[in-house]
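Work through these exercises with the model open beside you. Try each task before you read its solution.

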Amino acid sequence: MTLTFSSFEPRRLVLAEIEREMIAVGRLFARWNGNVLEDPRLRIVIDDGRNFLATTRERFDVISADPIHPWSGGAGYLYTREFFAAVAARLAPGGIASQWLPLYELGVRDVQTVVRTFADAFPHVLVFATYYDAVLVGSFEPLVIDPAALA
């Protein structure tokens, strides 16, 4: 099976957020985030995302992680083999994972280590990079991008 990126409409959304106050902050940005926090499909879980993945039996089509910078105190564990394996274990068949990776203030070796560690959990990986950031996308199935759909 090959995964082809196209538009899809999620049936449910789950947000795991470690800091309760970030929900109020997110509401301040409703104009820019599509007012997602008021979406009736959304379930908000106040918990560390890693703990949530370790304790739920749910499977997800998409798991997106947007942790703080890896050099920030306590954040490094969100860029580890164990975390990426936990994400992989919660994916539904055909699911994809994405992980934000800041490129600023990281050396080439640091970035290579995170990408290699991510690739240890997912046999198929795409990396989308800008000057300051990257997004890692991983799956157990080949990832194909339809240029027309992307445009």
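**Exercise 1: The sheet**

Strand E6 and strand E7 (residues 133-139) pair in the antiparallel sense, over 6 bridges. Keep in mind that this is a predicted model.

Task: Find which residue of E7 stands opposite Phe128. Then work out the order of the strands in the open sheet.

Solution: 
- Step 1. Look across from Phe128: Val135 in E7 stands opposite.
- Step 2. Now widen the view. The open sheet has 4 strands, in the order E4-E5-E7-E6, and the pairing is mixed.
- Step 3. Find the edges. They are strand E4 (60-65) and strand E6 (124-129), and each pairs on one side only.

**Exercise 2: A glutamine in a strand**

Task: Decide whether Gln99 is buried or exposed. Then find which backbone oxygen its side chain reaches.

Solution: 
- Step 1. Locate Gln99. It is in strand E5, which covers residues 91-102.
- Step 2. Take the relative accessible area, which is 2% for Gln99. Buried means under 20%, so Gln99 is buried.
- Step 3. Follow the side chain of Gln99. It reaches the backbone oxygen of Leu78 at 3.2 Å.

**Exercise 3: A nonpolar patch**

Task: Name the residues that make the nonpolar surface patch of about 560 Å². Which helix gives the most to this patch?

Solution: 
- Step 1. List the residues: Met22, Val25, Leu28, Phe29 and Trp32.
- Step 2. Compare the contributions. Helix H1 (residues 21-28) gives the most, with 3 residues.
- Step 3. Classify Phe29. Its relative accessibility is 45%, so it counts as partly exposed.

**Exercise 4: Salt bridges**

Task: How many salt bridges are there? Explain what the pair Arg27 and Glu38 ties together.

Solution: 
- Step 1. Start with the idea. Side chains of opposite charge can pair when their charged atoms come close.
- Step 2. Use the cut-off: a side-chain nitrogen of Lys or Arg lies within 4 Å of a carboxyl oxygen of Asp or Glu. The count comes to 5 salt bridges.
- Step 3. Take Arg27 and Glu38. Their side chains meet at 2.6 Å, N to O. Arg27 lies in helix H1 and Glu38 in the loop between H2 and E3, so the pair ties together parts that are 11 residues apart in sequence.
- Step 4. Take Glu58 and Arg43. Their side chains meet at 2.4 Å, N to O. Glu58 lies in the loop between helix H3 (49-55) and E4, and Arg43 lies in strand E3, so this pair ties together parts that are 15 residues apart in sequence.
- Step 5. Look for a network. Arg12, Arg43 and Glu58 are linked in one.

**Exercise 5: Positive phi**

Task: Which values does phi take in Asn35 and in Glu105? Say where each residue is found.

Solution: 
- Step 1. Recall the background. Most residues other than glycine have a negative phi.
- Step 2. Read the angles. Phi of Asn35 is near 55°, and phi of Glu105 is about 65°.
- Step 3. Asn35 is in the loop between H2 and strand E3 (42-46). Glu105 is in the loop between E5 and helix H5 (108-121).
- Step 4. Classify them. Asn35 is partly exposed at 38% relative accessibility. Glu105 is exposed, with a relative accessible area of 61%.

How values were computed: Residues numbered from 1 in each chain as written. Predicted model: local features only at pLDDT ≥ 70, side-chain atom pairs only at ≥ 80, totals over all residues. Heavy atoms only, no water. Helix = DSSP H or I, 4+ residues; strand = E, 2+ residues; numbered from the N terminus. Buried < 20%, exposed > 50% of the residue type's maximum accessible area, 1.4 Å probe, protein only. Polar contact = N/O pair within 3.5 Å; in protein donor to acceptor, adjacent residues only side chain to side chain. Patch = residues over 30% accessible without salt bridge, like charges linked within 9 Å, V, L, I, M, F, W, Y side chains within 5 Å. Areas by Shrake-Rupley, 256 points an atom, 1.4 Å probe, with all protein chains shown as cover. Pairing = 2+ DSSP bridges.
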